[in-house]
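Subject: Handing over a structure

Dear colleague,

I am passing on to you the structure shown below, and after it I set out what was found in it. Please keep it open beside this message as you read.

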Amino acid sequence: MTKFFKILNIVIVVLIIFLIGFLIGKKYDFTIDSNDEMIGIQYSGNEQKIRRLVSLIDGQYIDGVNSEKLVDDAIRYMVDQLDPHSKYLERVVVEKSEKEINGEFVGIGIEYKSLNDTLIVTHAMVDSPNAAKFKFGDRILSVSNQDVLGSNAAKISRLIKGRNGTTVNLKVLRNGKEIEIEAERRVIPINPIVGEHMLTADLGYVKLARFSQNSSTYFHQALDRLLQKGMKKLVLDLRGNPGGIMSEAEKIADEFLTKNELIVFTQDKDQKKKYIYATNKGLFEHGNIYVLIDENSASSSEIVAGALQDYGRATIVGRRSYGKGLVQREIELGDGSRVRLTVAKYFTPSGRSIQKPYRVDKKEYNQDFQQRVKSGELFSRDSIKLNEQLKFVAPSGKIVYGGGGIVPDEFVAFDTLSVANWLAYNQDEKYFQDFIFKKTDQVRQIPMLQSQNAFNKYFSGAIFQTSFLEMLGLKRELVKDDYFPVVNDYIKSTVGNFMFGTQAYYQFWLPHDDMIKKVFELETRKR
(Lines give C-alpha, C1' and ligand atoms only; values in the text may rest on other atoms or scores of the structure.)
Protein backbone atom coordinates (compact mmCIF):
# COMPACT_ATOMS: atom_id res chain seq x y z
CA MET A 1 0.00 0.00 0.00
CA THR A 2 2.88 2.37 0.80
CA LYS A 3 4.24 1.92 -2.71
CA PHE A 4 0.74 2.55 -4.15
CA PHE A 5 0.36 5.84 -2.29
CA LYS A 6 3.89 6.85 -3.29
CA ILE A 7 3.02 6.27 -6.95
CA LEU A 8 -0.31 8.08 -6.51
CA ASN A 9 1.46 11.08 -4.98
CA ILE A 10 3.94 11.16 -7.85
CA VAL A 11 1.11 11.04 -10.39
CA ILE A 12 -0.69 13.92 -8.65
CA VAL A 13 2.50 16.00 -8.52
CA VAL A 14 3.22 15.20 -12.18
CA LEU A 15 -0.25 16.37 -13.20
CA ILE A 16 0.11 19.59 -11.21
CA ILE A 17 3.53 20.33 -12.71
CA PHE A 18 2.26 19.52 -16.19
CA LEU A 19 -0.68 21.86 -15.74
CA ILE A 20 1.50 24.68 -14.42
CA GLY A 21 4.01 24.16 -17.24
CA PHE A 22 1.24 24.20 -19.83
CA LEU A 23 -0.28 27.38 -18.42
CA ILE A 24 2.94 29.38 -18.31
CA GLY A 25 4.27 28.44 -21.71
CA LYS A 26 6.04 25.11 -20.99
CA LYS A 27 8.93 26.75 -19.18
CA TYR A 28 8.88 24.10 -16.44
CA ASP A 29 9.30 20.33 -16.49
CA PHE A 30 10.31 17.48 -14.21
CA THR A 31 12.25 14.25 -14.40
CA ILE A 32 13.09 11.27 -12.19
CA ASP A 33 16.50 10.04 -11.10
CA SER A 34 17.63 6.43 -10.61
CA ASN A 35 16.38 6.53 -6.99
CA ASP A 36 12.86 7.51 -8.14
CA GLU A 37 13.30 11.00 -6.74
CA MET A 38 11.64 13.86 -8.64
CA ILE A 39 13.76 16.72 -10.01
CA GLY A 40 12.16 19.99 -11.10
CA ILE A 41 13.49 21.72 -14.21
CA GLN A 42 13.15 25.34 -15.25
CA TYR A 43 14.06 26.04 -18.86
CA SER A 44 16.32 28.99 -19.62
CA GLY A 45 16.29 30.98 -22.84
CA ASN A 46 19.14 28.84 -24.22
CA GLU A 47 17.26 25.63 -23.55
CA GLN A 48 14.12 26.96 -25.22
CA LYS A 49 16.27 27.96 -28.20
CA ILE A 50 17.40 24.36 -28.62
CA ARG A 51 13.80 23.13 -28.37
CA ARG A 52 12.74 25.58 -31.08
CA LEU A 53 15.63 24.52 -33.32
CA VAL A 54 14.72 20.83 -33.08
CA SER A 55 11.08 21.68 -33.79
CA LEU A 56 12.07 23.75 -36.84
CA ILE A 57 14.30 20.99 -38.21
CA ASP A 58 11.50 18.46 -37.80
CA GLY A 59 8.86 20.72 -39.34
CA GLN A 60 10.63 22.94 -41.84
CA TYR A 61 13.98 21.51 -42.98
CA ILE A 62 13.90 20.55 -46.67
CA ASP A 63 15.96 17.34 -46.56
CA GLY A 64 15.12 14.22 -44.59
CA VAL A 65 17.13 14.04 -41.39
CA ASN A 66 17.23 11.84 -38.29
CA SER A 67 16.53 14.47 -35.66
CA GLU A 68 16.76 11.88 -32.88
CA LYS A 69 20.38 11.19 -33.84
CA LEU A 70 21.05 14.93 -34.05
CA VAL A 71 19.76 15.41 -30.51
CA ASP A 72 21.74 12.41 -29.24
CA ASP A 73 24.91 13.77 -30.82
CA ALA A 74 24.27 17.26 -29.42
CA ILE A 75 23.66 15.92 -25.89
CA ARG A 76 26.73 13.72 -26.08
CA TYR A 77 28.85 16.69 -27.19
CA MET A 78 27.57 18.93 -24.37
CA VAL A 79 28.11 16.32 -21.67
CA ASP A 80 31.58 15.60 -23.02
CA GLN A 81 32.51 19.20 -22.20
CA LEU A 82 31.95 18.49 -18.50
CA ASP A 83 34.08 16.43 -16.14
CA PRO A 84 35.35 12.97 -17.23
CA HIS A 85 32.71 11.06 -15.27
CA SER A 86 29.56 12.83 -16.47
CA LYS A 87 28.15 10.74 -19.30
CA TYR A 88 25.20 10.50 -21.66
CA LEU A 89 23.71 7.00 -21.51
CA GLU A 90 21.64 5.79 -24.45
CA ARG A 91 18.82 3.35 -23.79
CA VAL A 92 20.83 0.20 -24.52
CA VAL A 93 23.64 1.41 -22.24
CA VAL A 94 21.13 2.16 -19.47
CA GLU A 95 19.89 -1.44 -19.56
CA LYS A 96 23.42 -2.83 -19.25
CA SER A 97 24.30 -0.35 -16.51
CA GLU A 98 21.19 -1.24 -14.50
CA LYS A 99 22.09 -4.93 -14.61
CA GLU A 100 25.57 -4.17 -13.24
CA ILE A 101 24.35 -1.78 -10.55
CA ASN A 102 21.36 -3.90 -9.52
CA GLY A 103 23.61 -6.93 -9.24
CA GLU A 104 21.13 -9.25 -10.93
CA PHE A 105 19.78 -10.34 -14.30
CA VAL A 106 17.00 -12.50 -15.68
CA GLY A 107 18.36 -15.74 -17.10
CA ILE A 108 18.94 -19.42 -16.44
CA GLY A 109 22.15 -18.86 -14.47
CA ILE A 110 24.80 -20.77 -16.40
CA GLU A 111 28.26 -19.78 -17.56
CA TYR A 112 29.72 -21.10 -20.78
CA LYS A 113 32.74 -20.82 -23.05
CA SER A 114 33.12 -21.08 -26.80
CA LEU A 115 35.47 -23.77 -28.06
CA ASN A 116 35.70 -24.98 -31.66
CA ASP A 117 32.41 -23.25 -32.62
CA THR A 118 30.55 -24.92 -29.75
CA LEU A 119 29.39 -23.34 -26.52
CA ILE A 120 30.32 -25.51 -23.56
CA VAL A 121 28.83 -25.08 -20.09
CA THR A 122 31.47 -24.45 -17.41
CA HIS A 123 29.15 -24.33 -14.40
CA ALA A 124 25.79 -23.17 -13.15
CA MET A 125 25.72 -20.30 -10.66
CA VAL A 126 25.06 -21.28 -7.06
CA ASP A 127 21.86 -19.21 -6.86
CA SER A 128 20.48 -20.54 -10.14
CA PRO A 129 17.30 -22.67 -10.00
CA ASN A 130 19.00 -24.80 -12.65
CA ALA A 131 22.19 -25.49 -10.70
CA ALA A 132 21.56 -29.26 -10.54
CA LYS A 133 20.50 -29.57 -14.19
CA PHE A 134 23.76 -28.63 -15.92
CA LYS A 135 27.22 -30.20 -15.70
CA PHE A 136 30.62 -28.95 -16.70
CA GLY A 137 31.30 -29.97 -20.29
CA ASP A 138 27.69 -29.94 -21.52
CA ARG A 139 27.76 -28.98 -25.23
CA ILE A 140 24.81 -26.73 -26.14
CA LEU A 141 23.27 -28.11 -29.35
CA SER A 142 19.98 -26.21 -29.57
CA VAL A 143 17.92 -23.59 -27.79
CA SER A 144 14.12 -23.59 -28.26
CA ASN A 145 14.57 -26.12 -31.09
CA GLN A 146 16.95 -23.80 -32.94
CA ASP A 147 20.30 -25.37 -33.87
CA VAL A 148 23.07 -23.24 -32.34
CA LEU A 149 26.18 -25.15 -33.36
CA GLY A 150 28.55 -22.62 -34.86
CA SER A 151 26.59 -19.71 -33.39
CA ASN A 152 28.28 -17.02 -31.33
CA ALA A 153 27.64 -16.47 -27.64
CA ALA A 154 25.62 -13.29 -28.27
CA LYS A 155 23.06 -15.14 -30.43
CA ILE A 156 22.65 -17.97 -27.94
CA SER A 157 22.33 -15.47 -25.10
CA ARG A 158 19.46 -13.76 -26.94
CA LEU A 159 17.67 -17.09 -27.37
CA ILE A 160 18.12 -18.00 -23.71
CA LYS A 161 16.91 -14.64 -22.38
CA GLY A 162 13.22 -14.09 -21.70
CA ARG A 163 10.70 -13.00 -19.12
CA ASN A 164 11.13 -13.93 -15.49
CA GLY A 165 9.13 -17.06 -14.65
CA THR A 166 9.13 -18.59 -18.14
CA THR A 167 11.08 -21.65 -19.30
CA VAL A 168 13.37 -22.41 -22.21
CA ASN A 169 14.31 -25.81 -23.65
CA LEU A 170 17.95 -26.64 -24.33
CA LYS A 171 19.43 -29.73 -25.90
CA VAL A 172 22.94 -30.55 -24.72
CA LEU A 173 25.46 -33.25 -25.50
CA ARG A 174 26.74 -34.89 -22.30
CA ASN A 175 29.18 -37.80 -22.36
CA GLY A 176 28.13 -38.64 -25.91
CA LYS A 177 24.39 -38.57 -25.18
CA GLU A 178 21.87 -35.89 -26.15
CA ILE A 179 19.87 -34.61 -23.18
CA GLU A 180 16.83 -32.31 -23.13
CA ILE A 181 16.80 -29.74 -20.32
CA GLU A 182 13.88 -27.47 -19.44
CA ALA A 183 15.50 -24.51 -17.72
CA GLU A 184 13.67 -21.90 -15.66
CA ARG A 185 14.27 -18.22 -16.24
CA ARG A 186 14.63 -16.43 -12.93
CA VAL A 187 16.14 -13.27 -11.50
CA ILE A 188 19.72 -14.39 -10.87
CA PRO A 189 21.67 -12.36 -8.29
CA ILE A 190 25.28 -11.64 -9.17
CA ASN A 191 27.42 -12.28 -6.12
CA PRO A 192 30.06 -9.50 -5.89
CA ILE A 193 32.13 -11.65 -3.50
CA VAL A 194 34.44 -13.48 -5.91
CA GLY A 195 36.93 -14.70 -3.31
CA GLU A 196 36.31 -15.84 0.27
CA HIS A 197 38.44 -18.20 2.35
CA MET A 198 40.86 -18.43 5.26
CA LEU A 199 44.48 -17.67 4.41
CA THR A 200 45.67 -18.98 7.78
CA ALA A 201 43.93 -20.26 10.92
CA ASP A 202 42.97 -16.70 11.95
CA LEU A 203 43.47 -14.56 8.82
CA GLY A 204 40.46 -14.30 6.52
CA TYR A 205 40.30 -13.11 2.92
CA VAL A 206 37.46 -11.48 0.99
CA LYS A 207 37.66 -10.12 -2.55
CA LEU A 208 34.88 -7.71 -3.50
CA ALA A 209 34.54 -7.18 -7.26
CA ARG A 210 32.02 -4.30 -7.30
CA PHE A 211 29.71 -2.20 -5.13
CA SER A 212 26.37 -3.23 -6.64
CA GLN A 213 22.94 -3.46 -5.03
CA ASN A 214 23.08 -5.68 -1.92
CA SER A 215 26.91 -5.90 -1.95
CA SER A 216 26.87 -4.95 1.73
CA THR A 217 24.52 -7.87 2.48
CA TYR A 218 26.75 -10.35 0.67
CA PHE A 219 29.78 -8.87 2.42
CA HIS A 220 28.12 -9.08 5.85
CA GLN A 221 27.33 -12.75 5.25
CA ALA A 222 30.91 -13.45 4.12
CA LEU A 223 32.28 -11.78 7.25
CA ASP A 224 29.95 -13.83 9.42
CA ARG A 225 31.04 -17.11 7.79
CA LEU A 226 34.73 -16.29 8.24
CA LEU A 227 34.21 -15.25 11.85
CA GLN A 228 32.59 -18.62 12.48
CA LYS A 229 35.77 -20.22 11.09
CA GLY A 230 37.90 -18.38 13.62
CA MET A 231 38.85 -15.20 11.76
CA LYS A 232 40.54 -12.57 13.93
CA LYS A 233 42.21 -10.58 11.10
CA LEU A 234 40.99 -9.78 7.61
CA VAL A 235 42.39 -9.06 4.16
CA LEU A 236 39.88 -7.02 2.14
CA ASP A 237 40.87 -7.14 -1.52
CA LEU A 238 39.58 -4.12 -3.50
CA ARG A 239 42.04 -4.37 -6.36
CA GLY A 240 40.41 -3.74 -9.71
CA ASN A 241 37.14 -2.74 -8.02
CA PRO A 242 35.79 0.24 -10.02
CA GLY A 243 33.25 1.28 -7.37
CA GLY A 244 29.49 1.49 -7.78
CA ILE A 245 26.74 2.41 -5.34
CA MET A 246 28.06 4.82 -2.72
CA SER A 247 25.59 3.77 -0.02
CA GLU A 248 26.87 0.18 -0.28
CA ALA A 249 30.41 1.42 0.38
CA GLU A 250 29.13 3.29 3.43
CA LYS A 251 27.51 0.14 4.83
CA ILE A 252 30.64 -1.92 4.24
CA ALA A 253 32.86 0.70 5.94
CA ASP A 254 30.36 0.63 8.81
CA GLU A 255 31.28 -3.02 9.44
CA PHE A 256 34.68 -1.82 10.70
CA LEU A 257 34.11 1.62 12.25
CA THR A 258 32.52 2.34 15.61
CA LYS A 259 29.39 4.38 16.26
CA ASN A 260 29.52 8.06 15.23
CA GLU A 261 32.83 7.80 13.41
CA LEU A 262 32.61 9.73 10.13
CA ILE A 263 32.69 7.51 7.04
CA VAL A 264 32.49 10.12 4.28
CA PHE A 265 30.98 13.51 3.51
CA THR A 266 29.89 15.12 0.26
CA GLN A 267 29.72 18.73 -0.86
CA ASP A 268 27.57 20.03 -3.73
CA LYS A 269 27.80 23.13 -5.92
CA ASP A 270 26.09 25.25 -3.24
CA GLN A 271 28.71 24.14 -0.66
CA LYS A 272 26.08 22.09 1.18
CA LYS A 273 27.60 19.16 3.01
CA LYS A 274 26.13 15.79 3.86
CA TYR A 275 27.80 13.65 6.53
CA ILE A 276 27.56 9.85 6.83
CA TYR A 277 28.45 8.31 10.19
CA ALA A 278 29.02 4.76 11.34
CA THR A 279 26.49 2.95 13.50
CA ASN A 280 26.98 0.30 16.18
CA LYS A 281 26.03 -2.54 13.81
CA GLY A 282 29.50 -3.51 12.57
CA LEU A 283 30.55 -7.17 12.68
CA PHE A 284 34.30 -6.47 12.75
CA GLU A 285 34.90 -3.27 14.67
CA HIS A 286 38.05 -4.73 16.30
CA GLY A 287 40.82 -6.80 14.80
CA ASN A 288 43.50 -6.05 12.23
CA ILE A 289 42.48 -5.27 8.66
CA TYR A 290 44.58 -5.12 5.50
CA VAL A 291 42.99 -3.40 2.49
CA LEU A 292 44.54 -4.20 -0.88
CA ILE A 293 44.27 -1.49 -3.56
CA ASP A 294 45.82 -0.77 -6.93
CA GLU A 295 45.58 1.74 -9.75
CA ASN A 296 42.18 0.32 -10.75
CA SER A 297 40.54 0.67 -7.32
CA ALA A 298 38.17 3.60 -7.69
CA SER A 299 35.28 5.57 -6.22
CA SER A 300 33.47 3.46 -3.61
CA SER A 301 36.65 1.41 -3.13
CA GLU A 302 38.42 4.64 -2.23
CA ILE A 303 35.64 5.65 0.18
CA VAL A 304 36.19 2.44 2.16
CA ALA A 305 39.98 2.50 1.96
CA GLY A 306 40.12 6.23 2.79
CA ALA A 307 37.88 5.98 5.84
CA LEU A 308 39.72 2.97 7.28
CA GLN A 309 43.08 4.63 6.64
CA ASP A 310 42.03 7.92 8.26
CA TYR A 311 40.95 6.17 11.46
CA GLY A 312 43.93 3.83 11.52
CA ARG A 313 41.56 0.86 11.32
CA ALA A 314 43.40 -0.73 8.40
CA THR A 315 46.81 -0.96 6.83
CA ILE A 316 46.42 -0.01 3.18
CA VAL A 317 48.63 -2.26 1.03
CA GLY A 318 49.42 -1.91 -2.66
CA ARG A 319 49.69 0.99 -5.08
CA ARG A 320 48.02 4.40 -5.32
CA SER A 321 44.34 4.07 -6.19
CA TYR A 322 42.61 5.53 -9.24
CA GLY A 323 41.53 8.90 -7.81
CA LYS A 324 37.79 9.30 -8.41
CA GLY A 325 36.12 11.51 -5.85
CA LEU A 326 33.10 12.74 -7.80
CA VAL A 327 29.50 11.80 -7.04
CA GLN A 328 27.18 11.10 -9.98
CA ARG A 329 23.39 11.11 -10.19
CA GLU A 330 21.62 9.29 -13.04
CA ILE A 331 18.68 11.33 -14.31
CA GLU A 332 16.01 10.30 -16.82
CA LEU A 333 15.79 12.25 -20.07
CA GLY A 334 12.33 11.04 -21.01
CA ASP A 335 12.97 8.38 -23.68
CA GLY A 336 14.76 5.70 -21.70
CA SER A 337 18.10 7.46 -21.96
CA ARG A 338 19.79 9.12 -19.00
CA VAL A 339 22.50 11.57 -18.12
CA ARG A 340 24.96 10.54 -15.44
CA LEU A 341 25.71 13.98 -14.02
CA THR A 342 28.34 14.88 -11.45
CA VAL A 343 26.50 16.66 -8.63
CA ALA A 344 28.98 16.64 -5.73
CA LYS A 345 32.44 15.74 -4.51
CA TYR A 346 33.11 13.32 -1.69
CA PHE A 347 35.75 13.66 1.02
CA THR A 348 37.32 11.22 3.46
CA PRO A 349 36.97 11.88 7.22
CA SER A 350 40.22 13.89 7.25
CA GLY A 351 38.71 16.30 4.71
CA ARG A 352 40.79 15.22 1.73
CA SER A 353 39.38 14.94 -1.75
CA ILE A 354 40.98 12.07 -3.60
CA GLN A 355 39.79 13.20 -7.05
CA LYS A 356 42.75 13.53 -9.36
CA PRO A 357 42.92 16.75 -11.44
CA TYR A 358 40.61 16.75 -14.46
CA ARG A 359 40.85 20.29 -15.80
CA VAL A 360 42.96 18.89 -18.59
CA ASP A 361 42.31 17.19 -21.89
CA LYS A 362 40.13 14.09 -21.32
CA LYS A 363 42.50 11.99 -23.39
CA GLU A 364 45.28 12.87 -20.98
CA TYR A 365 42.99 12.13 -18.02
CA ASN A 366 42.15 8.70 -19.40
CA GLN A 367 45.82 7.94 -20.05
CA ASP A 368 46.68 8.29 -16.38
CA PHE A 369 47.81 4.66 -16.18
CA GLN A 370 50.31 5.16 -18.99
CA GLN A 371 51.59 8.26 -17.22
CA ARG A 372 52.09 6.27 -14.03
CA VAL A 373 54.09 3.68 -15.94
CA LYS A 374 56.28 6.38 -17.53
CA SER A 375 56.86 8.14 -14.22
CA GLY A 376 57.87 4.89 -12.54
CA GLU A 377 55.11 5.16 -9.95
CA LEU A 378 54.08 1.51 -10.35
CA PHE A 379 57.59 0.41 -9.51
CA SER A 380 58.73 2.85 -6.81
CA ARG A 381 56.91 4.59 -3.97
CA ASP A 382 59.31 7.54 -4.26
CA SER A 383 57.87 8.27 -7.72
CA ILE A 384 54.42 9.06 -6.28
CA LYS A 385 54.02 12.84 -6.44
CA LEU A 386 52.54 14.20 -3.21
CA ASN A 387 51.09 17.70 -3.08
CA GLU A 388 52.29 19.28 0.17
CA GLN A 389 49.50 21.86 -0.10
CA LEU A 390 46.97 19.03 0.20
CA LYS A 391 48.39 17.52 3.38
CA PHE A 392 45.85 16.53 6.04
CA VAL A 393 46.03 15.20 9.56
CA ALA A 394 43.67 12.25 9.84
CA PRO A 395 41.61 11.47 13.00
CA SER A 396 44.22 8.83 13.81
CA GLY A 397 46.98 11.45 13.72
CA LYS A 398 48.35 10.02 10.50
CA ILE A 399 49.46 12.40 7.72
CA VAL A 400 47.51 11.77 4.51
CA TYR A 401 47.39 13.51 1.15
CA GLY A 402 44.58 14.57 -1.15
CA GLY A 403 44.65 15.39 -4.83
CA GLY A 404 44.66 12.01 -6.48
CA GLY A 405 43.87 8.60 -5.04
CA ILE A 406 44.65 6.83 -1.79
CA VAL A 407 48.39 6.45 -1.19
CA PRO A 408 49.03 3.08 0.48
CA ASP A 409 50.68 2.70 3.88
CA GLU A 410 52.69 -0.22 2.54
CA PHE A 411 53.76 0.06 -1.09
CA VAL A 412 53.98 -3.05 -3.29
CA ALA A 413 55.69 -2.52 -6.63
CA PHE A 414 54.53 -4.20 -9.78
CA ASP A 415 57.29 -6.73 -10.46
CA THR A 416 57.71 -7.04 -14.23
CA LEU A 417 60.22 -9.89 -13.78
CA SER A 418 57.84 -12.03 -11.72
CA VAL A 419 56.66 -15.20 -13.46
CA ALA A 420 53.55 -15.19 -11.28
CA ASN A 421 52.66 -11.66 -12.37
CA TRP A 422 53.25 -12.50 -16.01
CA LEU A 423 50.95 -15.51 -15.80
CA ALA A 424 48.25 -13.63 -13.88
CA TYR A 425 48.22 -10.65 -16.23
CA ASN A 426 48.09 -12.85 -19.33
CA GLN A 427 45.45 -15.29 -18.11
CA ASP A 428 42.72 -13.67 -20.21
CA GLU A 429 44.62 -14.24 -23.45
CA LYS A 430 42.64 -16.54 -25.73
CA TYR A 431 45.43 -19.07 -26.23
CA PHE A 432 45.85 -19.36 -22.44
CA GLN A 433 42.11 -19.78 -21.93
CA ASP A 434 41.67 -22.31 -24.74
CA PHE A 435 44.58 -24.44 -23.54
CA ILE A 436 43.40 -24.56 -19.91
CA PHE A 437 39.79 -25.16 -20.93
CA LYS A 438 40.74 -28.12 -23.11
CA LYS A 439 42.71 -29.62 -20.24
CA THR A 440 39.80 -29.01 -17.86
CA ASP A 441 37.53 -30.80 -20.32
CA GLN A 442 39.88 -33.80 -20.16
CA VAL A 443 39.77 -34.15 -16.37
CA ARG A 444 36.10 -33.29 -15.77
CA GLN A 445 34.98 -36.93 -15.76
CA ILE A 446 37.55 -38.19 -13.26
CA PRO A 447 35.39 -39.34 -10.31
CA MET A 448 37.71 -38.10 -7.56
CA LEU A 449 37.62 -34.53 -8.95
CA GLN A 450 33.86 -33.98 -8.93
CA SER A 451 33.77 -31.98 -5.68
CA GLN A 452 35.87 -28.93 -4.88
CA ASN A 453 37.22 -30.49 -1.69
CA ALA A 454 38.39 -33.55 -3.62
CA PHE A 455 39.83 -31.35 -6.35
CA ASN A 456 41.72 -29.31 -3.74
CA LYS A 457 43.20 -32.48 -2.27
CA TYR A 458 44.01 -34.63 -5.29
CA PHE A 459 44.52 -32.49 -8.39
CA SER A 460 47.98 -31.23 -9.31
CA GLY A 461 48.76 -28.89 -12.17
CA ALA A 462 51.96 -30.86 -12.71
CA ILE A 463 50.11 -33.31 -14.97
CA PHE A 464 49.79 -30.57 -17.60
CA GLN A 465 53.07 -28.81 -16.82
CA THR A 466 55.04 -30.06 -19.84
CA SER A 467 52.27 -29.42 -22.37
CA PHE A 468 51.67 -25.94 -20.88
CA LEU A 469 55.33 -25.04 -21.34
CA GLU A 470 55.22 -26.41 -24.89
CA MET A 471 52.17 -24.25 -25.59
CA LEU A 472 54.27 -21.24 -24.51
CA GLY A 473 57.16 -22.42 -26.72
CA LEU A 474 59.42 -23.21 -23.75
CA LYS A 475 61.61 -26.27 -23.29
CA ARG A 476 61.33 -27.77 -19.83
CA GLU A 477 65.08 -28.00 -19.34
CA LEU A 478 65.41 -24.23 -19.88
CA VAL A 479 62.95 -23.35 -17.11
CA LYS A 480 64.31 -22.66 -13.63
CA ASP A 481 63.26 -25.17 -10.97
CA ASP A 482 61.85 -22.31 -8.85
CA TYR A 483 59.25 -21.61 -11.54
CA PHE A 484 57.64 -25.06 -11.58
CA PRO A 485 55.57 -24.68 -8.37
CA VAL A 486 54.26 -21.35 -9.72
CA VAL A 487 53.30 -22.90 -13.06
CA ASN A 488 51.67 -25.89 -11.36
CA ASP A 489 49.57 -23.70 -9.06
CA TYR A 490 48.61 -21.45 -11.96
CA ILE A 491 47.30 -24.46 -13.87
CA LYS A 492 45.45 -25.75 -10.80
CA SER A 493 43.88 -22.37 -10.04
CA THR A 494 42.66 -21.78 -13.60
CA VAL A 495 41.32 -25.34 -13.97
CA GLY A 496 39.59 -24.84 -10.60
CA ASN A 497 38.16 -21.56 -11.87
CA PHE A 498 36.52 -23.30 -14.83
CA MET A 499 35.17 -26.15 -12.74
CA PHE A 500 34.12 -24.39 -9.54
CA GLY A 501 34.33 -20.61 -10.09
CA THR A 502 36.51 -17.72 -8.94
CA GLN A 503 36.53 -18.82 -5.28
CA ALA A 504 38.72 -21.77 -6.27
CA TYR A 505 40.98 -19.59 -8.39
CA TYR A 506 41.85 -17.20 -5.55
CA GLN A 507 42.27 -19.99 -3.03
CA PHE A 508 45.04 -21.67 -5.07
CA TRP A 509 46.69 -18.61 -6.61
CA LEU A 510 46.97 -16.12 -3.74
CA PRO A 511 50.10 -17.69 -2.16
CA HIS A 512 51.99 -16.38 -5.23
CA ASP A 513 50.44 -12.90 -5.06
CA ASP A 514 52.91 -10.12 -4.17
CA MET A 515 50.44 -8.17 -2.03
CA ILE A 516 49.45 -11.26 -0.07
CA LYS A 517 53.14 -11.94 0.47
CA LYS A 518 53.45 -8.39 1.83
CA VAL A 519 50.57 -9.06 4.25
CA PHE A 520 52.33 -12.21 5.53
CA GLU A 521 55.51 -10.17 5.91
CA LEU A 522 53.65 -7.56 7.96
CA GLU A 523 52.10 -10.29 10.08
CA THR A 524 55.56 -11.71 10.79
CA ARG A 525 56.80 -8.28 11.91
CA LYS A 526 54.02 -8.05 14.51
CA ARG A 527 54.93 -11.30 16.19
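This is a predicted model: local features need pLDDT of at least 70, side-chain atom pairs count only at pLDDT 80 or more; totals for chains, interfaces and linings use all residues.

Helix 7 and helix 8

Helix 7, which covers residues 246–254, packs against helix 8, which covers residues 300–310, at an angle of about 30°, and their axes lie 9 Å apart. Helix 7 and helix 8 are therefore roughly parallel to each other, and their crossing is right-handed. On the side of helix 7 the contact involves Met246, Ala249, Ile252 and Ala253, which meet Ser300, Ile303, Val304 and Leu308 of helix 8.

Among the buried residues of helix 8 are Ser301, Glu302, Gly306, Gln309 and Asp310. Helix 8 is followed by Gly312, which has a positive phi, near 70°.

Ile406 belongs to the loop between strand 22 (399–401) and strand 23 (410–411), and is buried, with a relative accessible area of 0%. Leaving aside residues up to four places away in sequence, Ile406 touches Glu302, Gly306 and Gln309, and its other contacts include Ile293, Ile316, Arg319, Arg320, Ser321 and Ile354. Arg352 is also touched by Ile406; these two residues are 54 residues apart along the chain, while their C-alpha atoms are separated by 9.9 Å.

Helix 15 and helix 16

A second pair of helices is formed by helix 15 (residues 484–500) and helix 16 (residues 502–509), which pack at an angle of about 165° with their axes 7 Å apart. That angle makes helix 15 roughly antiparallel to helix 16, and helix 15 passes helix 16 in a right-handed crossing. Helix 15 contributes Val486, Asp489, Tyr490, Lys492, Ser493, Thr494, Gly496, Asn497 and Phe500 to the contact, and helix 16 contributes Thr502, Ala504, Tyr505, Phe508 and Trp509. The residues of this contact divide into seven nonpolar, five polar and two charged.

Met198

Met198 is found in strand 12, which covers residues 193–198. Not counting residues up to four places away in sequence, Met198 touches Leu203, Gly204, Leu226, Lys229, Gly230 and Met231. The C-alpha atoms of Met198 and Leu234 are separated by 9.0 Å, although these residues are 36 residues apart along the chain.

The chain as a whole

To place these details, the protein chain contains 17 helices and 23 strands, and buried residues make up 44% of its 527 residues. Of the contacts in the chain with a separation of 6 or more, 67% are between residues 24 or more positions apart. The chain exposes about 28000 Å², of which carbon and sulfur atoms supply 52%.

Terms used
Residues are numbered from 1 along each chain as its sequence is written. Side-chain values use heavy atoms; hydrogens and water are left out. Axes are lines fitted to C-alpha atoms, for helices over the stretch in contact, and angles run from 0 to 180 degrees between N-to-C directions. Helices (H or I, at least four residues) and strands (E, at least two) are DSSP runs, numbered from the N terminus. Angles under 35 degrees count as roughly parallel, over 145 as roughly antiparallel, 65 to 115 as roughly perpendicular and the rest as oblique. A crossing is left-handed if the near helix is turned anticlockwise from the far one by less than a right angle, and right-handed if clockwise. Contact means heavy atoms within 4.5 Å. Buried means under 20% relative accessible area, exposed over 50%, partly exposed in between (1.4 Å probe, protein chains only). Accessible areas come from the Shrake-Rupley method with a 1.4 Å probe; for residues, only the protein chains shown count as cover. Ala, Val, Leu, Ile, Met, Phe, Trp, Tyr, Cys and Pro count as nonpolar, Asp, Glu, Lys and Arg as charged, and the others, Gly among them, as polar.
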